[in-house]
Amino acid sequence: MWVACLVSLIAMRPVFAADEQIHVIDRAVSVQSTGELGALTQITLPVALPDDWAATRPRFEGSVWYRTGFDRPTGVDSHELMALYIERVCSNVEVYLNGQRIFSGGRMGEPVTRNCHYPQLVTLPAALLQERGNTLDLQVQGHALARVASRQRAGGLSAIKIGPQNLLTREYDERLFWNVTSVQLANLALGVLACVMIGLGWMNRREAYLGYFGWLCLAWGLLSARVWWRNMPWDTGVMEFLFCTGFAPLAALGVQFLLSYAGLRSRWIENALAAQWVLLPATLLLAGPGRLFLMANIWYGMLALEVAAATGLYLLFTWRGRRTDFWSMAALLGGVISLLGLEFARQYGLLSIPGIPLLQFAAPLLFIGIAMRLLQVFARALRAAEDGRDNLEGRVQEITAEIERNFAQLAELRVEQVTEKERKRIAADLHDDLGAKLLTIVHTSESERISTLAREALEEMRLSVRGLTGKPMRLADALADWRAETVLRLGQANIEADWRGPTEEIEQLLPARGFVQTTRILREAVSNIIKHSGASHCKVRCAITERQFGLTVQDNGKGIPMELDGKLDRGHGMSSMKHRAKQMQGQCLVESGPGYGTVIRLTLPL
Amino acid sequence: MTNILLLEDLPEIRSWLKVLVKGVFPNSQIHEAARVHDALELVTAVKFNLALCDLGLPDGSGVDVVAALRESQPECQSVVVTIHDDDDHLFPALQAGAFGYLLKEQARELIAEQLKRMSQGEPPLSPSIARRVISHFAAQTRPQERPQNMPHVALTDRENEVLLRVAKGYTLPEIGVQLNLSRHTIADYVKQIYRKLNVSSRAEAALEAQRLGLFRRA
């Protein structure tokens, strides 16, 4: 994708027709000499421009003088300022017009200024420029191909153009942008990206590939500096050696990035890469500066193969594992590999791509693409992790709440169990001891009153040991118990019993104490009827509402005789019945008169 | 001539009961025991017609004596006489084969009346006991709560009907009238219910023993 984009950019470049305004000089005479212009005598060897030293004067290292002549182009207005444009001159050039030095690209001695990637635009001073027969001398300082690590930095001179300055400036600007500025911009972007990735890698040690990629970007950026860095501190041999050495860590970082991104790790490969780091400069030193280009290219090939192998390995593992990651990374890495291929073709002179340092410009773009992909993956992983953490937090809260709930239930259960056990123990003790004694009183006492009291005490004791609050009883069950007892007793006394209770389902509960007290009241009432009333018929009615329970016991006996003070007979236990009802916040009303029978109305709140 | 076992550890209560029983069954021979151990010995020696057993005794529970009687003398009617009125004590006694239960603090006349009825073949059945019996059999009929190869003891519809009415507070004679059945038939139903209660609990016990045996073998 990036490559296609780049090609189209190149294609869109406006082409300047070599019309009559611009004069292209494509031949010259030359001499290899370090002397001054005035000292030169034999500039006779004709050469065609562009003059590639690797082809025309291999192994030559030093200064070459080129001489050519030109007339002012005819189509140009005489007031127009004229300029000289050199697309490529390597490493440095000085220009003389009609014997006068008019331009210098920088230092001509070591360390030579490196203008290999810089186009040159030289304004031709109008005072020196003649209408016809101008002499142009160019002194080019260059290096032999064998002594540099890249074909781009081998000595040479391209064709020279002479024309109006405004036209040539446009061509110059464009060339400068693509050759230098674009690389600088890409490097700048790459540098920023590298810092981000290194930072991310530093913070996330488990995502080591982020760090590797960051360092890879940084190394690439530093190595790319050779494109636009003109005045270097050391001479060419040293600098070429240093730059070439830099490729070992670059390739190592690339391989490590790919492997760690694929989730692979090999101590063996790591060691081999480290060894290579030492081996590469060692072999370069052994081979000597004269075979730098050869050795460098052997190493480039090897490093490229390593990267390609790592890429293959990475893609294989990605294909097996994260299929979604495969296509985008395959496209990006494919781009990088094909750029490397193009670069090799260029280094070996198989392919001539004019001008643009494709690798230096396009590779950073691809790197940026890869970085975007990595950041996307990282951001996605981060979000997944955050979601996961949120989920986990929720689960932890849920489980904590559940544990607390369970614990509370367990504690409650435990308390209940212990209470129950203790209650049973006390119950057994009381029954064996107190119960037995009360029982003896019940059955041995001569007094009816005392035996009744003892019986009640026994009931009271039972209620206590069952738990004072006791288990509440379903009112329906209580009614059943009362009915069974009342009807049985009345039946045994030959009194007709007519018990009517609610027919619908009753859901209300009755406290244990309420049950016992009501039982006593009812029992007392029935005893009274059996013992004193002389009745033949007894009606019992139960009425239950939401908050109240009513019990009416009516007989057709002779009623309760009045005492002197107008109160009902105490011997019939009326006062104790009333007292019991009051204890339950209820009331017990007795209506009676001689010959009318007796009605007892008990009302209790529920 | 009837043989009656009287198992009671308190001397006063025992003598009180003895007088009471003698009043109801004047021609009876009363054998007294104060401990489970003594009672069990008597059971092996004497053939009883009626047994009155207390539950809480110094060397154990009267339930064991009830169970022993049920095993060796099925025709003997065991009646529990106790101070405990809660189901936790009464229900196991019924399961062990007790024919009825009496509360010690009840008036002499009431106990005498109940003993008389029991001797005539009318077993006592209170609403609370009926509720327990109903829930016992209801749990049994739920298959997930009944262990495998457990003999299924179920109540007939009529027996259920009687139990439900007792649980609602109707007396046995009343139920007889409601269902248009004689006093004896109702009494037979109740006896049948007690018998099934005993059978099912014995089956449970047997199964439990078998399970323990299996464990021991493993």
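Okay, housekeeping before we start. What we have is a predicted model, where local features need pLDDT of at least 70, side-chain atom pairs count only at pLDDT 80 or more, and totals for chains, interfaces and linings use all residues. Residues are numbered from 1 along each chain as its sequence is written, while chains are lettered from A and ligands numbered from 1 in the order in which they are written.

Let's begin with chain A. It has 606 residues, and 34% of them are buried. Buried here is a count: 20 or more other C-beta atoms lie within 10 Å of the residue's own, with 12 or fewer called exposed, anything in between partly exposed, and C-beta atoms placed from the backbone. In secondary structure, chain A comes to 14 helices and 20 strands. Those are DSSP runs numbered from the N terminus: helices are H or I with at least four residues, strands are E with at least two.

Now contacts. Two residues are in contact if their C-beta atoms, placed from the backbone, lie within 7 Å. Take the contacts in chain A with a separation of 6 or more: 73% of them come from residues 24 or more positions apart.

Next, a sheet to look at. Which strands of chain A make up the five-strand open sheet, and in what order? The order is S15-S17-S18-S20-S19, and the pairing is mixed. By pairing I mean that DSSP finds at least two bridges between two strands. Strand S15 (496–500) and strand S19 (587–593) of chain A are the edges, each pairing on one side only. Ignoring direction, neighbouring strands in this sheet are turned by 10° against each other on average.

S17(A) and S18(A) pair in the antiparallel sense over seven bridges, and a hairpin of three residues joins S17(A) to S18(A). Strand S18 (residues 548–555) of chain A also pairs with strand S20 (residues 597–605) of chain A, again in the antiparallel sense, over eight bridges. Find Gly550(A) on your screen: Ala543(A) stands opposite Gly550(A) in S18(A), and Gly550(A) in turn stands opposite Thr603(A) in S20(A).

Helices pack on this sheet too. Helix H12 (residues 475–492) of chain A touches S15, strand S17 (537–544) and S18, and its direction makes about 170° with that of S15(A). Helix H14 (residues 574–583) of chain A touches S19 and S20, at about 155° to the direction of S19(A). For these angles, axes are lines fitted to C-alpha atoms, for helices over the stretch in contact, and values run from 0 to 180 degrees between N-to-C directions.

Chain A has a helix pair I like as well. Helix H6 (residues 247–261) and helix H7 (residues 267–287) of chain A pack at about 170°, with their axes 9 Å apart. So H6(A) and H7(A) are roughly antiparallel to each other, a label for angles over 145 degrees, whereas under 35 is roughly parallel, 65 to 115 roughly perpendicular and the rest oblique. Where they meet, H6(A) gives residues including Val255(A) and Leu259(A), and H7(A) gives residues including Leu273(A) and Trp277(A). By class, this contact has nine nonpolar, two polar and no charged residues. Nonpolar covers Ala, Val, Leu, Ile, Met, Phe, Trp, Tyr, Cys and Pro; charged covers Asp, Glu, Lys and Arg; the others, Gly among them, are polar.

One more sheet in chain A: three strands, open, ordered S4-S12-S7, with antiparallel pairing. Its edge strands are S4 (51–52) and S7 (89–90) of chain A. S7(A) pairs with strand S12 (residues 156–157) over two bridges, and the partner of Cys90(A) in S12(A) is Gly156(A).

On to chain B. It has nine helices and seven strands, and 37% of its 218 residues are buried. Look at strand S3 (residues 50–53) of chain B: Leu50(B) and Leu52(B) point one way, Ala51(B) and Cys53(B) the other, and all are buried. S3(B) pairs in the parallel sense with strand S1 (residues 2–7) over four bridges, and with strand S6 (residues 77–82), also parallel, over four bridges. Ala51(B) is the bridge partner of Leu5(B), and Val80(B) that of Cys53(B).
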